[in-house]
Amino acid sequence: MSDFLTTWAALTFNGISFGMILFLISSGLTVTLGVMRLVNLSHCGFAMIGGYIAMAAVDYLGFGLLASVPVAIVGTMIIAAVVERTLFQWTYGITQLGQILMTFGLTLVMVALCNIIFGPLLHALPVPNWLTGNFDVANVIVSVYRVFLVIVSGLIALGIWYVVERTDFGARLRASVDNPRMARCAGINVRQIFSFTFTVGCGLAAVGGVLGTQMLPIEPYYALDYLILTLIVVATGGLGSLKGSFTAALLIGVLDTYGRYILPAGGGFVMYAIVLVILLIRPQGLFARA
Amino acid sequence: MTTEAQTTKAIADFRAQVRWQWYEPLFWLGAIAWYFLFPTYLPLGTQILCAALFALSLDLILGYGGIVSLGHTTFFGIGAYTAGLLAKHGWGEPITCLLAGGALAAIAGWICSFVIVRVQGVALLLVTLGINLVLYEAANKAYTITGGADGLQGIEFWKLFGVFDYDIYGRVSFVYTLAVVFVLFLVARRIVHSPFGLALKGMRENWKRMPALGAALRRHGALIFVLSAAIAGLSGALLAESVQFVALDSLGVQRSVDVLTMLIVGGTGVLYGSFVGATVYMVVRDQLADLNPAYWYFWIGLILVVIVLFTRNGLVGALSDATDWLKRRRGGGTAS
């Protein structure tokens with residue numbers, strides 16, 4: 001294979017693994033937006049909290065990366081459930097602007113607390129030995145860890161798909177997203193479904209936060225820095241559409257990786273420009289229901 | 001009541017709203033009093049005025065047009081850099097620099113408005129923030145033009161009207177800024193109390209119903225966005241003139257957050273909210289200047305959460321609620 005092709009193949013693979021992490025982080029957000037029309041700007045903060053919990057487990061309890069994942073999930077879900085029961089309960093009735101401001105304020109509080117507790121430094125969690133190194137597939141160099149990421153996130157995505165499309169709970173969730181009022185009439189406890197999905201979504205974000213530290217290092221401004229990326233994923237994919245989020249996350253992961261390769265000085269410019277065009281053509285996102 | 005009488009009453013109500021309230025002259029007298037009461041805090045006063053004007057521009061689109069922007073500092077920065085670059089390259093006449101800053105910001109706003117009026121909700125947040133981030137990166141990378149992260153240094157504005165030199169105590173710049181802000185406040189007041197302003201309020205309250213009444217939503221949205229961008233640009237240029245420096249953070253997300261917080265603390269859709277919010281915010285920040293920035297974020301965040309959850313519309317909203325409550329107690333329930 002020529003150098004040109006191998007480079008692009010490696011780029012594409014890296015883009016996909018980045019996109020998978022983006023999907024994990026933003027999957028919860030799209031459901032929150034779809035079901036409750038709640039613009040939760042603090043969602044990325046939960047990925048950050050997950051990352052910090054895992055970091056604490058690794059640093060102070062001597063856990064490995066993989067052992068720290070369940071700790072981070074449980075810890076984040078508990079925090080998410082508490083916040084949902086206390087702060088978010090109050091915001092469902094208020095205007096969208098109020099929700100935006102409230103959740104944004106919450107994000108700032110999270111940023112400040114993490115900064116105060118853990119300090120301002122960037123952290124990447126150590127990768128276990130058996131996941132370091134590179135595969136060489138027909139001259140395309142791919143890191144073992146990224147292959148692992150793609151497999152794990154792929155399995156999680158498959159799990160989400162199964163639960164949403166094939167189970168009774170999934171049917172009720174889809175009904176609540178499609179038409180919350182009608183779902184309520186049909187006897188579905190939309191509020192409960194929402195609380196549950198919110199919590200699980202934050203847990204998924206935590207997985208993304210912990211596993212993605214090689215690409216998105218943990219730092220106090222994480223919640224703000226990657227907020228725009230998750231919003232891009234959700235808006236491009238279409239609110240409430242998991243399939244849309246998945247496609248958009250992969251698309252954005254790949255586009256961003258290409259963009260940074262072609263125009264290193266441009267930063268995320270190429271990706272932003274393409275997203276802007278997509279939103280101009282389809283303001284409701286790629287997979288939005290009419 | 002006949003339709004005619006209803007119309008007359010509606011017009012009378014509208015007139016009553018437009019009339020100057022008793023507290024309005026007081027407010028501006030207070031601003032003038034600052035000059036005499038706090039002669040050592042004039043630079044802070046100037047900064048408050050610039051911030052308030054910026055918050056006012058955000059209030060026009062957010063409080064009246066219902067357009068939420070997370071990147072309004074785009075236009076503030078464009079105004080600041082325009083004025084700064086003109087002065088740096090040999091044209092330091094303050095009034096023309098100011099107008100050029102406003103004009104360029106308005107043009108930028110006009111270009112952005114094509115996208116802005118077509119998106120809502122999350123996509124809107126995203127587009128406004130995205131435009132801001134791209135511009136910030138561009139200004140950061142274009143080191144030779146903007147000075148990058150060091151900011152635009154070595155700018156010098158000429159004497160105001162060729163007579164008044166910018167003094168070290170900031171007297172001239174305070175008076176000049178206050179005058180400009182007052183004029184622009186009158187403009188904003190005129191806008192929101194015009195039929196166009198009413199159409200905007202309708203848009204904010206129900207953007208699905210307004211087209212049914214024959215309102216051209218996108219045209220209204222685009223117009224107020226351009227006006228707001230122009231005022232934001234003017235406030236940026238004003239700040240650049242008073243501090244004789246343009247920092248890269250005039251395009252930073254932090255400034256968008258600051259201005260949004262000021263507006264929310266003060267209250268949206270009431271014009272004076274931006275002034276109250278900016279004053280409270282800047283004075284508190286000035287007093288807590290040596291606080292670790294991390295703690296500052298904590299307090300801003302907490303304030304946002306508390307204001308949204310516990311007041312109807314910021315400090316101005318809380319104040320008017322309190323006076324209503326007092327009136328009702330005294331009037332025995334006659335006030336509505």
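## Exercises on chain B helices

Helix 2 (23-37), helix 3 (42-64), helix 11 (253-266) and helix 14 (314-331) of chain B are among what covers the buried residues of helix 12 of chain B. This is a predicted model: local features need pLDDT of at least 70, side-chain atom pairs 80 or more, while totals for chains, interfaces and linings use all residues. Residues are numbered from 1 along each chain as written, with chains lettered from A and ligands numbered from 1 in written order.

**Exercise 1.** Check the span of helix 12 of chain B and list its buried residues.

*Solution.* Helices are DSSP runs (H or I, at least four residues), numbered from the N terminus. Expected span is 1.5 Å times one less than the number of residues. The 16 residues (272-287) should therefore span 22 Å; the end C-alpha atoms are 23 Å apart, which agrees. Buried means 20 or more other C-beta atoms within 10 Å of a residue's own, placed from the backbone. Those buried include Tyr272(B), Phe275(B), Tyr281(B) and Met282(B).

**Exercise 2.** Classify the packing of helix 8 and helix 10 of chain B.

*Solution.* The axes, lines fitted to C-alpha atoms over the stretch in contact, come within 11 Å and cross at roughly 175°. Angles over 145 degrees count as roughly antiparallel, so these two helices are roughly antiparallel.

**Exercise 3.** Describe the side of chain B that touches chain A.

*Solution.* Contact means C-beta atoms, placed from the backbone, within 7 Å. 28 residues of chain B contact 34 of chain A. Helix 6 and helix 13 of chain B each give two or more residues. Helix 6 gives the most, 12.

Key. Axes are lines fitted to C-alpha atoms, for helices over the stretch in contact, and angles run from 0 to 180 degrees between N-to-C directions. Angles under 35 degrees count as roughly parallel, over 145 as roughly antiparallel, 65 to 115 as roughly perpendicular and the rest as oblique. Two residues are in contact if their C-beta atoms, placed from the backbone, lie within 7 Å. A residue is buried if 20 or more other C-beta atoms lie within 10 Å of its own, exposed if 12 or fewer, and partly exposed in between; C-beta atoms are placed from the backbone.
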